[in-house]
Amino acid sequence: QVLLKLSSADYDTTWGTVSTREVTIPAFDNVSLVYSGGLLAAAVYPSGGFYDYVSLTYSGNSLLQTDYISGGSGGTIVATYILAYSGNTVTGINRTL
């Protein structure tokens, strides 16, 4: 069991069971990883999937945003994940498609 947030109101929580589901992750065959300053900056995947390029944005060592792009680094963003922090702790992830 885990503590679940029921709404945006403070202390509105309950104990519950988290359901799971299978997630398809692209194969890591032929993936090129790009590093900058010791941090993973991008991943280039073979074309033909939902996306073929992933761009990561940092503030210091904290990952702030991940953009999934179709058509290479200059292509169309198909999904974005933005992380929210409180200190060094991730407090939320917002996804846009």
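Tyr 81 is partly exposed, with a relative accessible area of 28%; here buried means under 20% relative accessible area, exposed over 50%, and partly exposed in between, computed with a 1.4 Å probe on protein chains only. The model is a predicted one, in which local features need pLDDT of at least 70 and side-chain atom pairs count only at pLDDT 80 or more, while totals for chains, interfaces and linings use all residues. Residues are numbered from 1 along each chain as its sequence is written, and side-chain values use heavy atoms, with hydrogens and water left out.

## Aromatic rings

A pair of aromatic rings is described by the distance of the centres and the angle of the planes. Rings of Phe, Tyr and Trp (its six-membered ring) pair if their centres lie within 6.5 Å; planes under 30 degrees apart count as stacked, over 60 as edge-to-face, and the rest as tilted. By this criterion, 3 aromatic pairs are found in the whole structure.

Tyr 45, Tyr 51, Tyr 68 and Tyr 81 form one aromatic cluster.

## The chain as a whole

The secondary structure of the protein chain comes to 0 helices and 8 strands. Helices (H or I, at least four residues) and strands (E, at least two) are DSSP runs, numbered from the N terminus. Of the 97 residues in the chain, 18% count as buried. The chain exposes about 7200 Å², of which carbon and sulfur atoms supply 51%; accessible areas come from the Shrake-Rupley method with a 1.4 Å probe, and for residues only the protein chains shown count as cover. Among contacts with a separation of 6 or more, residues 24 or more positions apart account for 3%, where contact means heavy atoms within 4.5 Å.

## The open sheet

An open sheet is formed by 6 strands in the order β3-β4-β5-β6-β7-β8, with antiparallel pairing. Strands β3 (32–36) and β8 (89–96) stand at the edges, each with a single partner strand, so one side of each is left without a neighbour in the sheet. Neighbouring strands of this sheet are turned by 20 degrees against each other on average, direction ignored. The axes behind this angle are lines fitted to C-alpha atoms, for helices over the stretch in contact, and angles run from 0 to 180 degrees between N-to-C directions.

Two strands pair if DSSP finds at least two bridges between them.

| Strand pair | Bridges | Sense |
|---|---|---|
| β3 and β4 | 5 bridges | antiparallel |
| β4 (residues 39–44) and β5 (residues 53–59) | 3 bridges | antiparallel |
| β5 and β6 (residues 62–70) | 7 bridges | antiparallel |

Tyr 35 stands opposite Leu 40 in β4. Val 44 stands opposite Tyr 53 in β5. Across to β6, Ser 55 faces Asp 67, and Leu 56 is placed opposite Thr 66.

Two hairpins in this sheet contain a glycine with a positive phi. In the hairpin of β3 and β4, with 2 residues between the strands, Gly 37 has a positive phi near 60 degrees. The hairpin of β5 and β6 likewise has 2 residues between the strands, and there Gly 60 takes a positive phi near 65 degrees.

Tyr 11 lies in the loop between β1 (2–5) and β2 (13–16). Although Tyr 11 is not a glycine, its phi is positive, at about 65 degrees. At 78% relative accessibility, Tyr 11 counts as exposed.

Thr 13 has its place in strand β2 and counts as partly exposed at 35% relative accessibility. Leaving aside neighbours within four places in sequence, Thr 13 is in contact with Leu 3, Leu 4, Lys 5 and Leu 6. The C-alpha atoms of Thr 13 and Leu 3 are separated by 6.5 Å, with the two residues 10 residues apart along the chain.
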